[in-house]
Amino acid sequence: MSEIKRVGVLGCGLMGSGIAQVAAAAGYETLVRDVAQPILDRAKAGIGQSLAKFVEKGKLQPVDREAALKRLNFTTTTADLKPCDIVIEAVTEDLEVKNALWKELDARCGPGTIFASNTSSLTIAAMAAATRRPDRFVGLHFFNPVPLMQLVEVVKTVTTSGETFSRAYAFAKSLGKEPVAAKDNSGFIVNLLLVPYLLDAIRALEHGVASVPDIDKAMQLGCGYPMGPLTLLDFVGLDTTYRIAEIMFAEYKDQKYAPPPLLKRMVLAGMSGKKSGKGFYDYSVNPPAVSSLGL
Ligand code: CAA
Ligand code: NAD
């Protein structure tokens, strides 16, 4: 198989834009696809700002920022990803949405293109089976915020070839990340452990154990976590967390993955966390205030 030179990224929300940034910064020609131009424009501006922060901190030379931005291109047409050597998918956590894209790309990309999903909770098998390249399908699970988080879980499903896994693992390293190998179970390693913790923090709030800031403060100061769980939920996205919980609950039938009613109510109210301006905290004010949740 040929060397990886061109990277395609499907979706440029929180994760896709971060993945595109690190790929371009690592020297790959990177093409990002999302459904509408304003989404692409917002992602491009965000990547520019994040790279500028690295320059400000002396971690990146201005000339390297410019070069990374030049390697980044944006499109609303899936077919443009045809020449990519690897396509990393980071669209909404929904199997139907993801598989519709994989089927379309499978028909267009050459046999050498590796397909990689950044899914949080779906199995890689459920996507690989929708394509004619189940041996060239792998999981590459990045962490939020991608430019700062070191870890990538590299996931081999039952059909993934050894060569595809090795290439994906080496690719993650080439981005400056620390890969770990994980089995294709829903949630891989991190979300298997993290998701029940995050959902339990919402249950604690529902049961009146403590206030939003005190739950966060307790876990930050009591356990040394960089963020409290409710801040982290806002950061991950409450809509995404709700989908993850539903998928993991359907898979394991274990109450610890069941989405708490409060999470569902907040998602129904359009409170998706930081990206929508409101979640457990209200980000329309600086510093963010605690949201009124009718509790
Ligand atoms: N781009 C570039 N630089 C950035 C940046 C960005 N987007 N955001 C922040 N920075 C820089 C800051 O300028 C700062 O630089 P200095 O240290 O030189 O001052 C540095 O990064 C740290 O930023 P902050 O001081 O603002 O914030 P922090 O020290 O609290 O660290 C954090 C930020 C790394 C996000 C930290 O809070 C953290 O680790 N939080 C937990 C994140 C986490 O758990 N992520 C996993 C989520 S779960 C997941 O991803 C899986 C899933 O499937 C849902
Ligand atoms: P997000 O809501 O920020 O972004 C999703 C993006 O997908 C949006 O920009 C949307 O327009 C786009 N999209 C939807 N349908 C599309 C299509 N048909 N073609 C192209 N783009 C399409 O979500 P996110 O947080 O970036 O999550 C994306 C994926 O990454 C999910 O599978 C999620 O589970 C996973 N993930 C999320 C996190 C996190 O902390 N948020 C961490 C690791 C993995």
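**Before you start.** This is a predicted model, where local features need pLDDT of at least 70 and side-chain atom pairs count only at pLDDT 80 or more, while totals for chains, interfaces and linings use all residues. Residues are numbered from 1 along each chain as its sequence is written, chains are lettered from A and ligands numbered from 1 in the order in which they are written, and side-chain values use heavy atoms, leaving out hydrogens and water.

**Stop 1: ligand 1.** Helices here are DSSP runs of H or I with at least four residues, strands are runs of E with at least two, and both are numbered from the N terminus.

Next, look for polar contacts (pairs of N or O atoms within 3.5 Å). The side chain of S120 places an N or O atom 2.7 Å from an oxygen atom of ligand 1. On N144, pick a polar backbone atom: a nitrogen atom of ligand 1 is 2.7 Å away. The protein covers 65% of the 1100 Å² of accessible area that ligand 1 has on its own, with areas from the Shrake-Rupley method and a 1.4 Å probe.

**Stop 2: ligand 2.** Move to ligand 2, which has 25 residues around it, the closest being R33, D34, E93, K98 and S120. Zoom in on S120, where a polar side-chain atom lies 2.7 Å from an oxygen atom of ligand 2. Then try the backbone: a polar atom of L14 is 2.9 Å from an oxygen atom of the ligand, and an N or O atom of M15 lies 2.8 Å from one. Of the 830 Å² of accessible area that ligand 2 has on its own, the protein covers 87%.

Finally, highlight α1 (14-25), α4 (95-108) and β6 (137-142), the elements that give two or more residues to this shell. The largest share, 3 residues, comes from α4.

Terms used:
Near = heavy atom within 4 Å. Polar contact = N/O pair within 3.5 Å; in protein donor to acceptor, adjacent residues only side chain to side chain.
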